[in-house]
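Subject: Model for you to look at

Hello,

Here is the structure I promised to pass on. Please open it alongside this note; my findings follow below.

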Amino acid sequence: MGMAEETVVHQQLLEYARTTVELGLLLEEIRLLQDALYSTQGDGMERVLQEKVRFEVAQSLREILNTHQANQHELLESIREVALQQKTLSLTVAFRPSSAFVSTIVSWVRSHIGAGVVLDFRYEPAVVGGAVIEFNGHYGDFSLKKKFQNYFDAKLLGKHVVTKSEAEPQFDQSNS
Amino acid sequence: MFADATLLIGLLLLAFLLSFALIALLLLYSKVYGRVEKMDRFQADLLKQKQEFDAKAAELASAQAQELIKEASVKAQAIIRQAETVSTDVRRRLDSQLEQLPKAQQDIYRDVFKQVGEEAIQVLHQVSDEMKVYADREVKAFGAALQERTAATQEEAKKAIEQSYERMEAEILAYKQKRLTMIDQSIHQVIREVTEEVLGKAIHTEQHQEIVIKALEDAKSAHVV
């Protein structure tokens, strides 16, 4: 299997590892399949795909493994290694994200940061809105709570003079 | 008849015997009474003689005592007179012998007396100096001890103040932290209320998503991502 082909396979499977939760599931599924490779029962791999692996993942993996029957173990191991190398973008938000929202964020991340990033969503109502973001050792509080705090500090305590854009959250209210 | 006569004779005989016994008893009583009276008189005589004897003995003893005192006084006066005579005699003899001492010996004695006197004065001066040194040393030691104790007391007071200050500072810090925690806990609620008040409603999911996208864009601008 060529490098480009292998990359396509990885990207295809990593579509099912958008978040750290999904990444954990994918790694466990790969481990179960690796174990099944050495099972004495002939249908061990298929039984795992049917019983232990998520449906969409199983479909993709079945297709990939059937195409590369000669080196299934190496393929699974390479998928596992690539999955472990994913960088984590942590987002602390004030709501529980839907799958569609996760996809939206994934699209934004891939277009603005690049591939190889998984999202780690943390639910914290206290942030009110926006997100507290951690990535690659960097931290930034872009929550509404922080904006309000800056505003209150500036108004009440005179700590920091914030701009109007900092004090007032910018979002489109036309949908409401 | 015969029996009555016998009984009568018996009674007469008994009466006779009783009369005789009574007479004998009276005679015996009279005799004993006389002896007792005689003995009383004798006893009284003896007592009187004893009193007279005691009075004479006391008088005699007093006379003898006065005589003895008189003799003792005379002997004492004689002894005192003799002693005065001896003392005067001894003094006279000593003066005579002193006068007979050579002049050289008198000078020696005088020098010795003078030397002894000077040594005594020197010893007194020396003792005085030693006392002065001792007193000076004691005063200095007392001063040093007082200074040391004062420094220790100051150090203890300083430590006590510092500890008190640290304790107060810790208490203030703990109180401040507690108040900040309370404020931090309450601020979430305040922010929500203010948010709803300012925005007129709660934020919808779509708005949340838009704000998160905006946050990501801000993070990119700030080179966080």
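How many aromatic pairs are there over all chains? The count comes to 3. Bear in mind that this is a predicted model.

Start with the rings. A:F95 and A:F101 form an edge-to-face pair. Their centres are 5.1 Å apart, with 65° between the planes. Both A:F95 and A:F101 are buried.

A:F101 also pairs with A:F121. Here the ring centres lie 6.1 Å apart and the planes meet at 50°, so this pair is tilted. A:F101 sits in helix α6 of chain A and A:F121 in strand β2 of chain A, so the pair ties together parts that are 20 residues apart in sequence. A:F121 is buried, as is A:F101.

Next, the cores. The largest nonpolar core has 24 residues. Which of them touch the most other members? They are A:L89, A:L91, A:I105, A:L119 and A:I133. The elements giving two or more residues to this core come from both chains: β1 (87–93), α6 (99–112), β2 (117–123) and β3 (130–135) of chain A, plus α3 (205–221) of chain B. α6(A) gives the most, with 6 residues. There is also a second, separate core of 23 residues, which includes A:V9, A:L13, A:I79 and A:V118.

A:I133 deserves a click. Leaving out residues up to four places away in sequence, A:I133 touches residues of both chains. On the chain A side, its contacts include A:L89, A:L91, A:Y139 and A:F142. From chain B come B:A215, B:L216, B:A219, B:V224 and B:V225. A:I133 also stands opposite A:G140 in β4(A), and A:G140 is among the residues that A:I133 touches.

Last, the strands around β3(A). Is β3(A) mostly covered or mostly uncovered? Mostly covered: 5 of its 6 residues are buried. β3(A) pairs with β1(A) in the antiparallel sense, over 4 bridges. In that pairing, A:V132 of β3(A) is the bridge partner of A:T92. β3(A) is also joined to strand β4 (residues 138–143) of chain A, by 6 bridges, and these two run antiparallel as well. β3(A) and β4(A) make a hairpin with 2 residues between them. In the turn, A:N136 has a positive phi of about 55°.

Best wishes

How values were computed
Residues are numbered from 1 along each chain as its sequence is written. Chains are lettered from A and ligands numbered from 1 in the order in which they are written. This is a predicted model: local features need pLDDT of at least 70, side-chain atom pairs count only at pLDDT 80 or more; totals for chains, interfaces and linings use all residues. Side-chain values use heavy atoms; hydrogens and water are left out. A nonpolar core is a set of buried Ala, Val, Leu, Ile, Met, Phe, Trp, Tyr and Cys residues joined through side-chain atoms within 4.5 Å. Buried means under 20% relative accessible area, exposed over 50%, partly exposed in between (1.4 Å probe, protein chains only). Contact means heavy atoms within 4.5 Å. Rings of Phe, Tyr and Trp (its six-membered ring) pair if their centres lie within 6.5 Å; planes under 30 degrees apart count as stacked, over 60 as edge-to-face and the rest as tilted. Two strands pair if DSSP finds at least two bridges between them.
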